Amino acid sequence: MSYATAALAGARVHTVLCCSVCTAVCSQLFPRSQPDFVLYNAGTDCLEGDPLGDLNLSADAIVQRDELVFRHCLHSQPTHQSVPEGQEAGASAARTSGTPVMMVLSGGYQPNNAAVIARSVLNLREKFGLF
């Protein structure tokens, strides 16, 4: 097996492992904690080649990771479904479709990180009709 083949195989293992762990954590965490709000720290220092991160995730893995988190948030059961006083019923429509999530960025020390983040945000927009 060549070094390039071994590196590619390793990247695939990291991608599968990352997505499997993310799915397992979200699947257990949401029913147990029933969060009212999720603050998602979507760091990219885990991207392959990052000088400070050691996870070596592919760009595809980061896009999948972000999609998994949003999928769990947007498809979870919200804990509050009543309309707050002073608001119209339409104002809470997004609230009843899942748990609100705010994604913040951090880490990532390579010139290509911005492109990976942009790809992920565009994927979230396409998959979930956000923004």
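Visitor: Is Phe30 buried or exposed?
Guide: This is a predicted model, where local features need pLDDT of at least 70, side-chain atom pairs count only at pLDDT 80 or more, and totals for chains, interfaces and linings use all residues. Residues are numbered from 1 along each chain as its sequence is written, and side-chain values use heavy atoms, without hydrogens and water. Buried means under 20% relative accessible area, exposed over 50%, partly exposed in between (1.4 Å probe, protein chains only). Phe30 has a relative accessible area of 10%, so Phe30 is buried.

Visitor: Which residues is Phe30 in contact with, leaving aside its neighbours within four places in sequence?
Guide: Contact means heavy atoms within 4.5 Å. His72 is 42 residues from Phe30 in sequence, yet 7.7 Å away in space, C-alpha to C-alpha. The contacts of Phe30, those neighbours aside, are Pro35, Val38, His72, Cys73, Ser76 and Thr99.

Visitor: Which residues touch the most other members of the largest nonpolar core?
Guide: A nonpolar core is a set of buried Ala, Val, Leu, Ile, Met, Phe, Trp, Tyr and Cys residues joined through side-chain atoms within 4.5 Å. The largest has 14 residues, and the two touching the most other members are Tyr40 and Phe70.

Visitor: Is Val21 buried or partly exposed?
Guide: Val21 sits in helix H1; helices (H or I, at least four residues) and strands (E, at least two) are DSSP runs, numbered from the N terminus. The relative accessible area of Val21 is 44%, so Val21 is partly exposed.
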